[in-house]
Amino acid sequence: MHIALLSRNRNLYSTRRLVEAAEQRGHSIRVVDTLRCYMSIAAHHPSIHLKGEELEPFDAVIPRIGASVTFYGCAVLRQFEMMGTYVINDSVAITRSRDKLRSLQLLSRKGLGLPITGFAHSPDDIPDLITMVKGAPLVIKLLEGTQGIGVVLAETNQAAESVIQAFMGMKANIMVQEYIKEARGADIRCFVIGDKVVAAMKRQAAEGEFRSNLHRAGTASVIRITPEERSTAIRAAKAMGLRVAGVDLLRSNHGPVIMEVNSSPGLQGIETATGKDIAGLIIEHIEKNAAPNRKAPPKPKG
């Protein structure tokens, strides 16, 4: 098959591994810079162009769209969808998962475990908002934050009020969540492909830090998850409409709670911790679900 990989940097670990895995399985794959694409939106011949030329037909697209380019990246992906190309995660699912508040509301509607979360607009409601999430310590999150950036742990109600007031004063969209102290600075990243959790790792926050993100010097190790955690991760990915997802869970006293569902999960941490060929499993999923729309080149004789 001929596969397009939407990525702004061909040197990133995840991009390199997907290219390597596709080529090892006999496919051709092209890394396409999302922001360099431009589109002709027409009824009879929608097309995507790059550097003055129309892109060739692809059998499948793997979107690796960063949070900062979600709007434009999803517009490009939507164009591939209009052209009938199989996309491993579609534009609607990615947009849905990138909106932290909307994704929690959708997960809540499905009855999945979540930390108590509050959202308000008026500074007058801050005291009640803090009470709603069981008081300090509590976590304050920027809705647009990624990789642990814009996440604050407020140790006291007074500190929480000050931080929330500051964010509101900057017109920043935030949500407030209960702090799951029994998680002890650790979370579980479940990597979902299709309807299976293919790998899971425990991410432990560095000493003195409560954010377990590997970008914040957290460490990763392989972990055995429970059937309930496995089911929660699969249902969360399905609720978002994602075929490939990283679902982040915390172990609370009342079962697994979902922190986030990531539509473009990194491969380095999970492959290093588990030793599994996650990139190969993604390509295998494409093989099973994307029908080649072009004739394969003839095999050389002899």
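What covers the buried residues of helix 6?

## Helix 6

The cover includes helix 5 (126–132), strand 9 (138–142), strand 10 (151–154) and strand 11 (174–178). Helices (H or I, at least four residues) and strands (E, at least two) are DSSP runs, numbered from the N terminus. This is a predicted model, in which local features need pLDDT of at least 70 and side-chain atom pairs count only at pLDDT 80 or more, while totals for chains, interfaces and linings use all residues. Residues are numbered from 1 along each chain as its sequence is written, and side-chain values use heavy atoms, with hydrogens and water left out.

The buried residues of helix 6 are Ala160, Ile164, Phe167 and Met168; buried means under 20% relative accessible area, exposed over 50% and partly exposed in between (1.4 Å probe, protein chains only). They lie on the same side of helix 6, because they cover an arc of only 100° around the axis, taken from the directions from the helix axis to the C-beta atoms. Gln158 and Gly169, on the other side of helix 6, are exposed. After helix 6 comes Lys171, with a positive phi near 60°.

## Annotated residues in strand 16

In an unreviewed entry, UniProt annotates Glu260 and Asn262 as "binding site"; such annotations may be inferred rather than shown by experiment. Glu260 belongs to strand 16 (residues 255–262), and Asn262 is placed in strand 16.

Glu260 is partly exposed, at a relative accessible area of 32%. Not counting residues up to four places away in sequence, Glu260 touches Lys100, Gly246, Val247 and Asp248, where contact means heavy atoms within 4.5 Å. With neighbours within four places in sequence left aside, Asn262 contacts Arg189, Leu242, Val244, Ala245 and Gly246.
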